[in-house]
Amino acid sequence: MSEAPALVLLHGFTNSGASWEPVVSGLGQRYRAIAPDIRGHASAASAAPVTLDAVLADINALKPQRFALVGYSQGGRIALHAALALPRRVTALVLIGASPGLDDELERAGRRDADERLAEQIEALSITEFASMWAQTPVLGGVSMDVAAAAHEDRLRSTPQGLAAALRGLGTGALPSVWDRLGELRMPVSLIAGERDAKFTAIARQMAQRIPGATVSIVAGAGHAVHLERPAEVISELERVVPADQPVAEP
């Protein structure tokens, strides 16, 4: 009997691995779900350095040898870099509300400056104050009270210092663009975005034009955090891309 397929789930900025619980519980025992805390967040709040290379090394150290990689927002951006760095290990790639980065150097420099200002602001607040402030971010709006409350509690697992380090080391301004490398992806790729998230639905469609065989799923009624708002739809897409009875082959 073949082993259940492994899934590595990477959370977004200010979240933790625990934020994937609605998806993990819905997948049940048919999959081996691994949802680590990314450096700068929750149990990894004090891990150093908080850099892309360090996080990629953390992912490379995970077991088993082969896994499907799922990432949301900042975690999706990291997952994209990991899929390019570890193509023989990543069997499939599922990105939720994710981007390959900013390919305009001036725009990226401006974003780094903005991220630094935000990092300084985060460091001046308590985690409760920051969590309340971050919940007002427009891209995260329109969610139910239950989803908002769960996201708030999840943010309280982190520290201002850790989140500031994650923004400086893993933010949109920090990571290089990989728009020009999307054609290198050879594993199945699924791009998910919420219908209300106009920016990332457009980005998903642009990415699909550059990734061989990529599919785009726009989830009706959902915003940026599709896995929190509509976990059943994310589970359904994961089951399609990574069938539970798919044999696990060694690279």
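This is a predicted model: local features need pLDDT of at least 70, side-chain atom pairs count only at pLDDT 80 or more; totals for chains, interfaces and linings use all residues.
The structure contains 11 salt bridges. Side chains of opposite charge can pair when their charged atoms come close. Several such pairs involve helix H4, which spans residues 105-123. Arg108 is paired with Glu105, and 3.7 Å separates the closest N and O atoms. Arg108 and Glu105 are three residues apart in helix H4, so about one helical turn lies between them. Arg108 has a relative accessibility of 12% and counts as buried, because buried means under 20%.

Asp115 and Arg111 are four residues apart, about one turn of the helix. The two partners fall into separate accessibility classes: Asp115 is buried at 7% relative accessibility, whereas Arg111 is partly exposed at 34%.

Glu116 forms a salt bridge with Arg168, with the closest N and O atoms 2.8 Å apart. Glu116 belongs to helix H4 and Arg168 to helix H7 (residues 160-170), so this pair ties together parts that are 52 residues apart in sequence. Glu116 counts as partly exposed, with a relative accessibility of 30%. Arg168 is also partly exposed, at 34% relative accessibility. Through salt bridges that share partners, Glu116, Glu123 and Arg168 are joined into one network.

The patch is made up of Asp103, Asp104, Glu107 and Asp180. Of these residues, Glu107 is located in helix H4. The relative accessible area of Glu107 is 46%, so Glu107 is classed as partly exposed, between the limits of 20% and 50%.

The bond from Ala48 to Pro49 is cis, with omega near -5°. Pro49 lies in the loop that runs between strand S2 (32-34) and helix H2 (52-60). The bond from Lys63 to Pro64 is likewise cis, and its omega is near 5°. Pro64 is placed in the loop between H2 and strand S3 (67-72).

Positive phi values occur in residues other than glycine. Ala42 has a phi near 45° and is situated in the loop between S2 and H2. At 13% relative accessibility, Ala42 is buried. In Ser73, which is not a glycine, phi is positive at about 55°. Ser73 is found in the loop between S3 and helix H3 (74-85). With a relative accessible area of 18%, Ser73 is buried, because the class requires a value under 20%.

A further serine, Ser19, lies in the loop between strand S1 (6-10) and helix H1 (21-27). Ser19 has a relative accessibility of 9% and counts as buried. When neighbours within four places in sequence are left aside, Ser19 is in contact with His11, Asp154, His227 and Leu228.

Key:
Residues are numbered from 1 along each chain as its sequence is written. Side-chain values use heavy atoms; hydrogens and water are left out. Patches are made of residues with over 30% relative accessible area and no salt bridge: like charges are joined within 9 Å, nonpolar side chains (Val, Leu, Ile, Met, Phe, Trp, Tyr) within 5 Å. Accessible areas come from the Shrake-Rupley method with a 1.4 Å probe; for residues, only the protein chains shown count as cover. A salt bridge is a side-chain nitrogen of Lys or Arg within 4 Å of a carboxyl oxygen of Asp or Glu. Lys and Arg count as positive and Asp and Glu as negative; His and the chain ends are not counted. The place of a charge is taken as NZ of Lys, CZ of Arg, CG of Asp or CD of Glu. Helices (H or I, at least four residues) and strands (E, at least two) are DSSP runs, numbered from the N terminus. Buried means under 20% relative accessible area, exposed over 50%, partly exposed in between (1.4 Å probe, protein chains only). Contact means heavy atoms within 4.5 Å.
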